[in-house]
Structure formats: C-alpha cells, structure tokens
Amino acid sequence: MVALDIDGTILHHDTSLSPRVKKAIAAHLAAGTNLVIATGRGISGAQVAMQQFDFCRGYAVCSNGSIVLSVGGIAPQERTTPVADVVKEATPEVAIVASNTFDPQREIEIISKALPDAVMAVETLDQARKITGEFPPGELTGQSVIVPLAQLSDPHATRLTVRAPHLTALELLDVMDDLGLHGMEYAVGWSAWMDIAPVGISKATSLEYVRNVLGVDARHTVAVGDSGNDCEMLAWAGVGIAMGNAPEYVAAYADAMTEDVYLDGCALVLEELLG
C-alpha cells in the first residue's frame with residue numbers, strides 16, 4: 001500500500017504535473033498497487049487533482065483524514081454514500097466510504113480573536129464551503145459562499161481552515177500552540193495555512209482504516225509527503241519518505257528522503273518500488 005500526498009508531492013505548488021510523475025502513477029495503477037491518495041483537499045479539490053493524474057481506481061483520504069472516498073466503484077455499495085455533481089462530468093465513480101465531523105464553533109471564536117485579519121473556511125460533506133473572506137486566487141476549488149463570522153460554524157463540519165497570508169507557516173503554528181487548542185488536530189502546509197479537523201483524525205488514522213479494509217500488512221506500507229499535515233502519515237507508514245522540499249520538522253518524521261517535487265521526487269520513489 002502506497003500513500004501519496006498531492007500538493008508539493010504529486011503536484012507542483014502551482015498545481016502543474018510532471019509527465020514523469022503521471023507516468024509513474026499510471027504504472028502502479030496498471031500493476032495493481034494499492035495506491036491511496038492522502039490529501040488535505042476536500043472532495044472537489046481532490047477530484048480535480050485525481051482527474052489530472054488519471055487516478056481511476058482506489059481510495060482517497062481527503063480533508064486530512066475526515067473523509068475516505070472510494071474511486072472507481074471499488075467498495076461495496078451498501079458501505080458508501082454517492083458523491084453527486086461535485087465535479088461536473090467527473091469520472092470515475094466516487095463515493096464516501098467513511099467520514100468524521102465536528103462543530104468548530106469554539107475554535108472559530110478563539111482564532112478570530114487572536115487573528116482578526118485571518119480568513120477562515122468551513123467545509124461539510126454536502127454543502128457549499130463557507131468562507132469569511134476571499135482566499136488567494138487558485139487556492140480553493142469547488143463552490144464557496146462568503147458569510148459573516150457568526151454564520152461560519154456548522155455542527156457537521158469536516159474541517160476548519162485558517163489562512164493567514166501575513167504569517168509564515170511556522171509563525172502560524174506558533175500562534176496556534178500559544179492558543180492551546182487542546183483536543184483538536186491541526187497541521188500547517190507549505191504556506192500559512194492550517195486545517196483543524198475532528199479530534200483524533202489525521203491522514204494516518206484514515207490510512208490505517210484503509211489498510212485494514214485492504215488487509216495489507218502494516219510493514220508493507222509506504223507514505224510520501226512534504227508538509228505539516230503529513231507528519232503523522234510519515235510516522236505511521238512502514239517506510240515514510242519526505243520530499244526534498246519538506247521542512248526539517250516534517251522530514252524528522254520520515255525514514256528517508258527523496259528529491260524535491262520539481263526534481264520528480266515522487267516519481268523516483270514510485271519507480272524504485274516497481275524495480
């Protein structure tokens with residue numbers, strides 16, 4: 001079982017895709033590898049990316065573990081909830097296998113007082129994303145609606161996103177640590193972006209769920225990632241591999257490192273696994 005992050009691992013930070021990486025993913029799908037996508041993106045964003053690199057069959061962990069999707073009709077129908085019209089004419093079939101939700105009201109109140117200039121977003125399983133202000137262009141996919149802060153929370157949220165363009169990723173992490181948001185999981189990506197998810201939920205917890213569904217030995221798992229939301233995943237895997245563009249604190253969770261995303265580090269790992 002091979003788990004791959006999307007942004008900064010499969011895709012460049014401008015969302016472009018190396019032909020070599022696309023070819024390596026296709027080779028594993030053709031070989032029957034249990035390839036699993038593990039991303040901070042929500043359902044629509046994950047679908048857009050999976051279409052880009054032709055991920056046609058397998059599992060996808062989305063929203064940093066809050067959602068598990070089956071792709072290509074691989075899961076028994078009685079265990080799934082169809083995803084309808086998330087991406088127009090999206091192929092192949094995508095369905096929700098598992099999900100975890102929470103009410104982020106308390107966290108929204110704390111963060112809004114500490115970071116009044118930050119913009120926030122709340123995603124659910126089946127509603128348009130609610131945002132308090134515009135995010136930088138190209139960062140969000142799917143439908144979003146701007147709402148007052150008082151209307152941002154939802155009792156069935158899959159994630160709360162905090163975007164603070166005036167801070168670095170590590171500065172934002174320090175702020176969150178100082179706020180003491182105990183009981184919530186959060187992870188910073190390559191920019192000043194933080195996702196807060198249901199307690200105890202991460203890419204690792206949902207990948208463990210998928211591993212058990214597939215019946216794969218824990219020793220035969222590989223994970224590749226580059227950002228703060230990949231730390232638990234890298235530690236979970238039998239072999240965790242950090243991208244060359246990963247910060248030092250992320251690389252510390254890995255067993256090995258590959259090249260930078262712009263030097264096809266993900267492809268190098270996938271090619272080596274196929275021998």
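**Exercise 1. Is C56 buried, partly exposed or exposed?**

Solution. Keep in mind that this is a predicted model.
- Step 1: C56 has a relative accessible area of 43%.
- Step 2: buried means under 20% and exposed means over 50%, with partly exposed in between.
- Step 3: C56 is therefore partly exposed.

Now try another cysteine: C266 has a relative accessible area of 0%, and it is buried. To finish with cysteines, look for disulfides: the structure holds 0 of them.

**Exercise 2. Work out which residues of helix α4 are buried, and where they sit around the helix**.

Solution. 
- Step 1: helix α4 covers residues 169-179, and its buried residues are A169, L172 and M176.
- Step 2: looking down the axis of α4, you find these buried residues within an arc of 65 degrees, so they line one face of the helix.
- Step 3: An α-helix has 3.6 residues a turn, so residues three or four places apart point the same way.

**Exercise 3. Find the aromatic pair and say what it ties together**.

Solution. 
- Step 1: there is 1 aromatic pair in the structure.
- Step 2: its partners are F135 and W193, with 5.8 Å from centre to centre and 70 degrees between the planes.
- Step 3: planes over 60 degrees apart count as edge-to-face, and that is how this pair is arranged.
- Step 4: F135 belongs to the loop between β8 (129-131) and β9 (144-146), while W193 is in strand β12 (residues 193-197), so the pair links parts that are 58 residues apart in sequence.
- Step 5: check the accessibility of both partners. F135 is buried at 7%, and W193 is buried at 14%.

**Exercise 4. Which residues have the most contacts inside the largest nonpolar core?**

Solution. 
- Step 1: the largest nonpolar core has 34 residues, and L4, I10, I25 and F53 have the most contacts inside it.
- Step 2: take I25 and leave out residues up to four places away in sequence; I25 then touches L4, I10, L35, F53 and L270.
- Step 3: another core, of 20 residues, lies apart from the largest one and includes L115, L160, L172 and M176.

**Exercise 5. How many helices and strands does the protein have, and what share of its residues is buried?**

Solution. 
- Step 1: the protein has 8 helices and 15 strands.
- Step 2: of its 275 residues, 53% are buried.

Note on methods
Residues numbered from 1 in each chain as written. Predicted model: local features only at pLDDT ≥ 70, side-chain atom pairs only at ≥ 80, totals over all residues. Heavy atoms only, no water. Helix = DSSP H or I, 4+ residues; strand = E, 2+ residues; numbered from the N terminus. Buried < 20%, exposed > 50% of the residue type's maximum accessible area, 1.4 Å probe, protein only. Arc of directions from axis to C-beta. Disulfide = S-S within 2.5 Å. Phe/Tyr/Trp six-rings, centres within 6.5 Å; stacked < 30°, edge-to-face > 60°. Core = buried A, V, L, I, M, F, W, Y, C linked by side-chain atoms within 4.5 Å. Contact = heavy atoms within 4.5 Å.
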